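Hello,

Here is the structure for you to look at.

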Amino acid sequence: MLETITQFRLHLAQLLGAHPQIEGWFFTLVRFVFPLLALLILIRAIRGLLRVPRAGERWGQLALPGGGSIPITRWENILGRAPLADIRLDLPTVSRQHAALIREGKGQWRVEDLGSKGGTKVNGKPVSGSAPLQVGDTLWVGGVELLFLPLSQEEEEHLAARRRMEQPLPMWPSLIWLTLFQLLAAVQFFLKSEEEGWAPLVLPALSVVMWIYFLVMRGAGARGFEMETIAFFLSTLSLAVTISSAPGAAVKQLIAVVLGLLFMLALGIFMRDPSRIQKMRWLMAAMAVGLLSVTLVIGKTKFGASNWIILGPLSFQPSEVAKIFYIFAGAASLERLFHKRNLGLFMVLTGVCLLCLALMSDFGTACIFFATFLVIAYLRSGDFATLSLITGGAAFAGLLVLQFKPYIFQRFASWGHAWEAASTTGYQQTRAMSAAASGGLVGMGGGNGWLHRIGAADTDLVFGMLCEEWGLIIAVLAVLSIVTLAVFAARVCGVGRSAFPTIAACAAGSLLVVQTCLNVFGAMDLLPLTGVTFPFVSNGGSAMIASWGLLAFLKGADTRERSSFVVGKDRAEKPKGGGADEKA
């Protein structure tokens, strides 16, 4: 096959040698076509994510003594007098956090007393610990008598009609445009020179992988592909950057995309069973600590941090995959945050992870872990004062680190003054900014830049490389794609059915945004250069696999009908104790 490609290249070179203007016209044309294709690819995907969800789901209702009812919109509900209670009963006889109403994985409900002063009863019997709750049962909460009822037929039909209006947009037009983008990019690299060999073929190979995934999942009944479309677009940019900077690693990066896709599928299918999530949370916590601890012991120093495990020709960054296990353990442990010890255990897990990262001198990843901790902890505790104290303590610890790690302080010293130290500590930032400025709106064309000759151009400085070769429009669209995923996570936060997928999605979205900000702003000298990667875009196998894994958490929060393989198909029958069920 390689001989056939070489012969074709020679014949094409002879043709273009006789008509050199054809090649010039092609390269000029595609520079303007690529931004247009990127807009066509992303507008539909971004629009699809930003238009949902419109309404939360309902799983039953609690009838009040004087008439009226309170809808049950979540699987974990705190009943109490506190303003942040899911079902608020503003009476002096009700404790701030009085009881919890919880839906189990198979559709059964139970009520758990949270150490209230007034007590909790089911059908007149005091609840000690927890007790099952069936349709028609009377729930007594601090003197308030509530009747547990399913939704009426009219309410169920109304909610079903609203859910039908929230169907995902068909993504096949965007996938067609993305395929054209990939093929034109491959032709551009193919014509540019012979240096890349057959590396440009990874782009059409990615098209094949993308369409196989789409057709298989569509055949299985899935409909929502907005997130995957964004991820495939960013992965295309990653392969293009890799072909320019390190063509020999293009196949490895394509393999990383495929492994990341498989990892996302495996993690999503694993999360379909809520009971399994709770059982595995301690193992996930141990995996996160274990990966970081092993790296601390046998890790090799690379780019200033001892966070790499090198096995012959292969190098792996365990801290990237540890992010997945950390979010899984944190979101699962905090799902029952009314057991207050869960927050303490999660703080211990975070402290151990941050200590390992600090000893590795990987402070960029430590910042990402800490930001993710704040998001996870705040979503369920709402204790802003405590988290503020924790943040203050972390800032003080950061100042101590600067005293014992002088080279870290040098990065901060050059922050905002890169041009004054253009030949020393500001060398990378000034080159990235110069390259970004030279690209203009549409870029110089794939492989036509010079920034790829600078160290870490395809990782830490990849935003500058995107601007130089692909233009400011595509670079900004890449950032906007990450922001869209985070906005989607923030929107589902208010209507999520269960704590784990909601918290995990918000944590994953915030992690992606924080990591993108550190990468982009660091390259442009708006923040210190921390050495973190641009999700999905930077060259690196472990970073790519981790980015696709984070997408599984976002897919898990998408409760539109048949839009996520993480969420099971709607079932027509009613569960014991609630309205129409969806097994997740």
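Helices α2 (20–50) and α15 each supply at least two residues of the nonpolar patch. This is a predicted model. α15 gives the most to the patch, with 3 residues. The members are L39, I43, L441, L472, I473 and V476, and together they make a nonpolar surface patch of about 490 Å². I43 lies in α2. Its relative accessible area is 53%, so I43 counts as exposed, the cut-off being over 50%.

The largest nonpolar core has 129 residues, and F233, W548 and F553 touch the most other members. Helix α15 (residues 462–493) provides the largest share of this core, 15 residues. There is also a second, separate core of 22 residues, with I70, I72, V141 and F148 among them. In general, nonpolar side chains in soluble globular proteins tend to be buried together.

Leaving out residues up to four places away in sequence, W548 touches E228, A231, F232, S235, V257, G260, L261, M264 and F536.

Next, helix α7. Its buried residues are A250, Q253, L254, A256, V257, G260, L261, M264, L265, L267 and G268. How far apart are the end C-alpha atoms of α7? They are 30 Å apart. That agrees with expectation, because the 21 residues of α7 (residues 250–270), at 1.5 Å a residue, should span 30 Å.

Best wishes

Methods
Residues numbered from 1 in each chain as written. Predicted model: local features only at pLDDT ≥ 70, side-chain atom pairs only at ≥ 80, totals over all residues. Heavy atoms only, no water. Core = buried A, V, L, I, M, F, W, Y, C linked by side-chain atoms within 4.5 Å. Buried < 20%, exposed > 50% of the residue type's maximum accessible area, 1.4 Å probe, protein only. Helix = DSSP H or I, 4+ residues; strand = E, 2+ residues; numbered from the N terminus. Contact = heavy atoms within 4.5 Å. Patch = residues over 30% accessible without salt bridge, like charges linked within 9 Å, V, L, I, M, F, W, Y side chains within 5 Å. Areas by Shrake-Rupley, 256 points an atom, 1.4 Å probe, with all protein chains shown as cover. Salt bridge = Lys/Arg side-chain N within 4 Å of Asp/Glu carboxyl O. Expected span 1.5 Å × (residues − 1).
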